[in-house]
Amino acid sequence: MASVSEFTHAEAHAHDGHEDHGDHGHPTGWRRYLLSTNHKDIGTLYLIFAIIGGLVGMVLSILIRAELMTPGIQVFPVLSGILDGDGSVDAAKNLYNMFFTSHAVIMIFFMVMPAMMGGFGNWFVPIMIGAPDMAFPRMNNLSFWLLPASFMLAIISMFVEGAAGMKGFAGGWVLYPPFASTVGTPGPAADFVILSMHIAGASSILGAINFIATILNMRAPGMTMFRMPLFVWSVLVTAFLLLLSLPVLAGALTMLLTDRNFHTTFFDPAGGGDPILYQHIFWFFGHPEVYILIIPGFGIVSQIVSTFARKPIFGYAGMVYAMLAIALLGFVVWAHHMFTTGMSLNAQRYYVLATMVIAVPTGVKIFSWIATMWGGSISLRAPMLWAIGFIFVFTVGGVTGVVLANAAVDRYLHDTYYVVAHFHYTMSLGAVFSIFAGFYYWFPKMSGYLYNEAKAKIHFWLTFVGINLVFFPQHFLGFAGMPRRIVDYTNAYSLWNFVSSIGAFIAGIGTLLFLYILYDAFKLKRQAPANPWGPGATTLEWTLSSPPPFHQFLTPPPIPEEDEHDAPAAAAVGHA
Amino acid sequence: MTTSLERLSPVHRKSALRNKLMGAGGAAVVVGMIALTYAAAPFFIAFCRATGYAGTPQRVEAATTDAEGGRILRVAFDANVAPGLPWKFEAETDAVHVRPGKTVTVFFRAENLADREITAHPTFNVTPAVSGAWFDKIQCFCFTNETLKPHEKVEWPVVFFLNPELEKDESMAHVDAITLSYTLFAAPPTRASASEATRDGPAG
């Protein structure tokens with residue numbers, strides 16, 4: 001990244017020279033990043049962090065798929081032998097459980113959230129609303145640097161005792177007691193995971209407050225709320241979700257921590273507590289959390305579809321209200337994760353109905369993306385491929401979600417691979433596709449370099465084919481009754497597991513190609529123009545150089561008078 | 001950015017002050033949500049007691065109705081001792097068949113196998129969880145902690161009835177057997193002296 005920093009550095013001086021008389025001394029070298037208060041540098045740090053987190057999480061998942069490729073337990077005894085010298089079947093089972101637990105924690109807290117909110121949010125929210133930086137630049141620095149600390153705690157937890165005689169926490173990312181309390185996990189591994197999630201939560205809460213203040217207060221004159229780009233709206237909605245839901249997780253985890261260490265009994269029946277209470281509190285956070293993981297992706301995809309169809313987004317206001325509706329509904333459907341815990345029929349009816357209602361605003365969004373493309377002048381550049389891929393896989397994930405919303409069906413499919421397929425279609429495919437879409441969309445802007453378009457398209461096709469091969473057959477496995485979170489299975493499930501594992505290896509090759517594309521772009525240093533995407537790219541970031549100056553919009557930029565969102569396609573062209 | 005405040009345009013300088021208010025507001029929301037999360041714990045207990053949620057039997061002073069139901073349900077009994085409590089604990093009968101509205105008395109036997117006096121904390125619930133609302137206990141050893149002298153044997157009565165209203169509950173339409181389950185935990189010394197209210201949780 002040294003070459004990038006030198007470049008942006010020079011750019012910064014070249015562009016700000018006339019505005020920036022007093023302060024030339026922004027930090028350089030490692031100080032620039034460690035002490036950074038610049039939203040773009042912090043965004044870059046977040047993205048690098050997310051790439052590292054994603055790679056670690058992906059290695060874990062590929063090892064999981066290697067184990068599940070054939071019936072029997074072959075891979076994890078070897079891994080366990082290498083990692084802690086045990087190698088027994090019990091240690092292998094524990095290691096497998098620990099791997100899927102860590103895979104989830106890492107992918108959620110150290111890949112998707114840092115990439116979407118921390119990375120793209122930090123980079124483009126201030127620019128898109130015409131602000132010079134985030135509202136609290138120092139807090140922004142704190143938000144980022146809490147994450148590596150949190151990540152370290154998560155990694156440490158993998159190497160200390162969890163369940164008796166076993167390494168690492170193996171109880172799933174949901175941390176349900178009694179397995180996550182001292183009954184199931186007497187060792188400190190669970191404490192490390194709890195503290196890790198605490199710190200990651202604190203980081204996100206600070207980030208959320210920062211985004212809310214930035215978006216509500218620091219818009220350039222003329223940038224009214226309903227003229228903000230949809231990505232900014234998506235970050236605002238997500239920030240409110242974070243602000244309201246993460247403290248609930250913090251509370252639940254604190255109760256669990258004091259149950260484990262200080263003899264409280266919030267979730268311990270011996271003292272009048274109830275583990276079901278934990279599930280309620282956890283999912284009150286957990287369900288909004290899945291929208292936290294996807295709503296920024298909605299925003300990214302909206303920008304990209306509009307840019308590459310060369311049309312303003314269809315139904316802008318509807319898109320905003322759909323996001324708000326999804327966010328609100330997200331808080332009142334949590335017990336659909338708990339259909340099997342024994343609810344009355346009326347409670348089940350309510351949660352089925354409320355959950356299904358979410359399909360309506362989601363449908364509005366899918367419809368509006370398609371309507372935006374309809375009749376547009378579509379160019380299938382790499383970001384657009386990823387965005388269309390997102391719409392496809394997210395729709396599949398959404399449809400299986402409506403299936404699972406039925407309490408009666410859920411009783412059969414609960415904790416099977418059908419659920420695994422469902423949430424990976426929304427997360428592993430949906431969220432990840434939107435992240436790659438955003439990455440290829442904004443990479444020229446962020447780095448100032450062009451990437452190899454053909455290779456980016458091959459990356460898309462490898463990932464699209466690979467990851468669909470991974471997860472589509474898991475619907476069949478789930479219907480056939482294969483339970484999730486178990487290291488082994490009967491021969492009856494071997495065919496689709498084999499296919500699924502092949503898909504994982506293909507997607508893994510796609511990720512290697514992604515790393516090569518990055519290397520290639522930074523090596524060749526092909527300069528990107530300010531706007532590589534043409535007249536469809538109308539948001540403010542495309543009015544700046546690539547990469548943007550170190551400080552931008554110290555004087556608020558002029559915002560065009562007419563409302564682009566209501567204008568016909570032809571009128572919107574030319575704002576760039 | 002503090003040093004750069006002067007560099008900012010008046011628009012941005014004004015917003016910097018409002019940012020602080022926003023930040024304080026956000027922090028207040030966070031504190032409020034954490035407080036609500038903690039408030040959820042006592043609320044959950046109260047909710048379970050009031051509604052029978054999570055298989056919480058109702059506690060009543062006496063039979064509230066003379067009505068009798070038409071169905072007969074099987075009520076099974078399950079007695080467990082948590083690890084760390086050297087007691088023997090069992091139900092005298094495996095199961096009884098009950099007509100809703102009829103008051104039933106059953107007995108549980110407990111014996112302290114140790115050479116010291118021990119206090120146990122009984123927890124209880126019914127399965128399926130939806131039957132908690134209709135399972136009314138008039139008398140139960142589980143309402144308080146129980147102390148047994150070394151090798152003392154006791155018989156504890158449990159007096160209960162099923163509320164005939166259960167026949168109007170759709171959730172109970174396919175329930176024809178209910179299990180009342182107890183688990184005895186060793187009560188820590190501090191908990192033994194705690195007030196009854198804190199002892200009497202949703203499941204115990």
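User: What is the torsion about the S-S bond of C140(B) and C142(B), and which hand does the disulfide have?

Analyst: A disulfide is a covalent bond between the sulfur atoms of two cysteines; here the term is applied to a pair of cysteine sulfur atoms within 2.5 Å. The torsion about the S-S bond of C140(B) and C142(B) is about 130°, so this disulfide is right-handed, and the two sulfur atoms lie 2.1 Å apart. This is a predicted model, in which local features need pLDDT of at least 70 and side-chain atom pairs count only at pLDDT 80 or more, whereas totals for chains, interfaces and linings use all residues. Residues are numbered from 1 along each chain as its sequence is written, chains are lettered from A and ligands numbered from 1 in the order in which they are written, and side-chain values use heavy atoms, with hydrogens and water left out.

User: How many disulfides does the rule give over all chains, and are C140(B) and C142(B) buried or exposed?

Analyst: The count is 1 disulfide over all chains. Both of its cysteines, C140(B) and C142(B), are buried, a word that stands for under 20% relative accessible area, with exposed meaning over 50% and partly exposed in between (1.4 Å probe, protein chains only). C48(B), by contrast, is in no disulfide, and the nearest cysteine sulfur, that of C142(B), is 15 Å away. C48(B) has 0% relative accessibility and therefore counts as buried.

User: How much area do chain A and chain B bury between them, and what part of it is on carbon and sulfur atoms?

Analyst: The size of an interface is often given as the accessible area lost when the parts come together; the value used here is the accessible area (1.4 Å probe) that two parts lose on being put together, summed over both. For chain A and chain B this comes to about 3,600 Å², with 66% of it on carbon and sulfur atoms. In chain A, the residues that lose the most area to chain B are N217(A), A270(A) and L554(A), which together account for 16% of what that side buries. In terms of contacts, 50 residues of chain A meet 39 residues of chain B.

User: Which salt bridge does the rule find across this interface?

Analyst: Side chains of opposite charge can pair when their charged atoms come close, and the rule asks for a side-chain nitrogen of Lys or Arg within 4 Å of a carboxyl oxygen of Asp or Glu. Across the interface of chain A and chain B there is 1 salt bridge, formed by the side chains of R349(A) and E170(B) (3.1 Å, N to O). The pair crosses from E170(B), in the loop between strand 9 (153-162) and strand 10 (177-186) of chain B, to R349(A) in helix 11 of chain A. Both partners are partly exposed, E170(B) with a relative accessible area of 43% and R349(A) with 42%.

User: How many salt bridges are there over all chains, and where are some of the others?

Analyst: A search of the whole structure finds 10 salt bridges over all chains. One of them joins R484(A) and D415(A) (3.6 Å, N to O), linking distant parts of the chain that are 69 residues apart. Here R484(A) is buried, with a relative accessible area of 17%, whereas D415(A) is partly exposed at 34%. In chain B, K102(B) and E68(B) meet in a salt bridge (3.7 Å, N to O), and these two residues are 34 residues apart, each in a loop between strands. Both count as partly exposed, K102(B) at 43% relative accessibility and E68(B) at 46%. In chain A, R381(A), E453(A) and K457(A) are linked in a network of salt bridges.

Notes
Contact = heavy atoms within 4.5 Å. Helix = DSSP H or I, 4+ residues; strand = E, 2+ residues; numbered from the N terminus.
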